[in-house]
Amino acid sequence: MPMMTRDVLLEMELEEDDEEDGDIGNVPASKRPLMAPPTLPSSLALENLEQTIVSGFGSLESQQDFRTPEFEEFNGKPDSLYFNDGQRRIDFVLVYEDESRKETNKKGSNEKQRRKRQAYESNLICDGLQLEATRSLVDDKLVFVKVHAPWEVLCTYAEIMHIKLPLKPNDLKTRSSAFDNFNWFTKLLQVDESIIKPEQEFFTAPFEKNRMNDFYIQDRDTFFNPATRSRIVYFILSRIMYQVRDNVKKFGINKLVSSGIYKAAFPLHDCNFSSPSEDLSCPNERYLLYREWAHPRSIYKKQPLDLIRKYYGEKIGIYFAWLGYYTQMLLLAAIVGVACFLYGYFTQNNCTWSKEVCDPDIGGQIIMCPQCDNECPFWSLNVTCESSKKLCIFDSFGTLVFAVFMGVWVTLFLEFWKRRQAELEYEWDTVELQQEEQARPEYEARCTHVVINEITQEEERVPFTTWGKCIRVTLCASAVFFWILLIIASVIGIIVYRLSVFVIFSVNLRKISNGTDPIQKYVTPQMATSITASLISFIIIMILNTIYEKVAIMITNFELPRTQTDYENSLTMKMFLFQFVNYYSSCFYIAFFKGKFVGYPGDPVYWLGKYRNEECDPGGCLFELTTQLIIIMGGKAIWNNIQEVLLPWVMNVFGRCHTVSGAEKIIPRWEQDYHLQPMGKLGLFYEYLEMIIQFGFVTLFVASFPLAPLLALVNNILEIRVDAWKLTTQYRRMVPEKAQDIGAWQPIMQGIAILAVVTNAMIIAFTSDMIPRLVYYWSFSIPPYGDHRDYTMEGYINISLSIFNTADFKSRVKESPYAGSKYDTCRYRDFRYPPGHQQEYKHNIYYWHVIAAKLAFIIVMEHIIYSVKFFISYAIPDVSKSTKSKIKREKYLTQKLLHENHLKDMTKNIGVIAEKMIGAAVENNLRPKSD
């Protein structure tokens, strides 16, 4: 490739204001590192890259010879993916608004933007890329610059980027599956291979130009597939400079787009999603993906992961592979969850304690104490009849079984996913991906400090010293901690709201209802408070999410991670930590704090010295926790679908109506793609985050809601197709990226799995009434504590509600409002001695039995499940034996092939040298000697 020795750089005048360009720091160019990868494959590539990126500077007046792209008229072929000559493929498209035709802008800024763009495009041409410009058919102010990378450029940067490319076809035999006997069934779920043909497997190795003959090059036009070509071109676009100001270099297409010099930059879709291309050479992969993956009629089929990976890259492919596997595993959890729910539903009529609550002679005769200080009335226990019936469905023996099952299920899911992920690493050739990943341009730009590498003992540049890194980490951690405190403050605000409005609901609901009123039957003060608080909590969660997303990105940018993987992992941890507190804090409050520290009617506990603590229903807070989960999970799913489906669809429809005139025009492929929505800088980050938050709901609080896996299963089946539809129809094609795994989400899921065992054990022990009921059944229903001859649940309600003398009411005002009550005693939910006892209002023996049983249950359940989890983790290796063998076999054959080819070349060269030496010797022997 004829690499140019001089770049066209633009040095602006000092007095010009240039804040809108988004500088990458104010580091002098003399201290800047080369914008080259730290390790290059050959001295020739290093020399060429230095010549391309580092050059002499000059003022604008001395740089009048800008190399500009050729302007061509649209050739009338809307499906064409090539320049007008029909030979050079379009690898990338840049879109800008012609500065000479802009109307609204600051004086002089149009000319500044034009010069920067011209300098950038000139440097692209100097770097070996070929450009062709075409004006828009719809809006004549828009210009589309099509970018093509010639063969030499592709080869040079493939070596620099360590891209693995085919050596020879893979001849390893695949092992037969145990499910081959069910081929008649699985064939219905598979994508038709006559429509989407399986990809040919190859042995691969990092590309090297000096070993080009070793690679499987049958056709130069297809050796680099479109995804690889786009990756290479984007790598170049991200590192080409366009301006030098005050010895500060500015570079990269991302900065040009963010500053408005370019409107967009994207690779092309290969065809229309709804119909195949008229070009016979087009593979129509987008059309096939829409038809066999995104279309609703394919909802029951397996995903064509290989084609997804080929078209969108490994990063998107691994996301859909993980989401599909997670959804498959949810099927088993949903079946068991539904079975436990049905068990509770059909056995609710056998729930003795619920019958006692609803019995007019038992629950109707039990008068409960007021739950606030002044205006709350006494109330009859049987008003909670309906909620007690619902609670029997969820607070049953099936819940315990399901909680234990989910502790094992989550371990099986994570371990089997690791194996599946290892298979994909082999199949998609990302086993040694870390060697390929380059530093981010933003990181390279700030590398000003020279340090000695401990391994190589050579000088290298880093963006900040150890002390500077500590300061940055401290500031970032402080910012994250501040936002977490803000969430906790919002949770406290919700708690104060609950404490305040409970009094209002307690008074008003009973004023407008009578004993038979449906309002009183189905809507208790506790339920009304819980539902309204959950809705407000959900609204606050969504508002804080929107704000914190921007804050987290700012913090991560300031932290300056080295690679894109490091950047995403850092952002992932910040966002998840925030989301964890944001989404789960209200659930943790209801499960483990509400109703646990309330005292008793004569001596209640107050929040902030003012608000009396909330109490649970007589049956506990489990049903309220279930309500909270349903509202948050359901509301989150609805909100996300609105954002993911309706918003891009409406914006695309509005964009087409706004730009397309009444006359029908033939629009080229690049202009059609421009009017689609951009995917966004973070790509699939929010998709992962949405699913991990759901994973937390499914595992952390599943003991309170066995139908959570079923709701997640239904949501995910739709989510896969919605995401597929969105990618193929509503969004521009993303730049394909490599990915070895799902990144930081894997350890996050493992942490959730460990925490889930504790939370579910504590929900059963402290939130539900299962342990108190079991203690009563096995110990207190029979002598010496009980009066029944046989084990029974009869009388449980009476023993679980303590007695309080209304004359002992204390009020924070001078005179108690309940002093002259017609009731001498009332009941409250606790295990305390009655009035008149020598230890009145102290915890009784039953309370201590229950506490001991709860602690014993938590310890036993945790140890059993953790033991099973660790045994499963040990018994199931992360990489299967067959996959290990394939990886070793391919590595061996690849090395052998390269070594044999190298020996052949050496033998050939030695043979040529030997022939020349023999020929020279013979010639010398035959030459007559001079006297």
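Visitor: How many helices and strands are in the protein chain?
Guide: The chain has 27 helices and 19 strands. These are DSSP runs numbered from the N terminus, with helices being H or I of at least four residues and strands E of at least two. This is a predicted model, where local features need pLDDT of at least 70, side-chain atom pairs count only at pLDDT 80 or more, and totals for chains, interfaces and linings use all residues. Residues are numbered from 1 along each chain as its sequence is written, and side-chain values use heavy atoms, with hydrogens and water left out.

Visitor: What share of the residues counts as buried?
Guide: Of the 931 residues, 52% are buried, meaning under 20% relative accessible area with a 1.4 Å probe, protein chains only.

Visitor: Which residues touch the most others in the largest nonpolar core?
Guide: Among them are Trp 293, Trp 409 and Phe 697, in a core of 161 residues. Such a core is a set of buried Ala, Val, Leu, Ile, Met, Phe, Trp, Tyr and Cys residues joined through side-chain atoms within 4.5 Å. Helix 10 (residues 314–346) gives the largest share, 15 residues. Another core of 44 residues lies apart from it, including Val 147 and Phe 224.

Visitor: Switching to helix 24, which of its residues are buried?
Guide: In helix 24 (residues 770–780), they are Met 770, Ile 771, Pro 772, Arg 773, Val 775, Tyr 776 and Phe 780.

Visitor: And what do those pack against?
Guide: They pack against helix 11 (352–358), helix 13 (397–427), helix 23 (745–767), helix 25 (796–800) and helix 26 (845–875).

Methods
Buried means under 20% relative accessible area, exposed over 50%, partly exposed in between (1.4 Å probe, protein chains only). Contact means heavy atoms within 4.5 Å.
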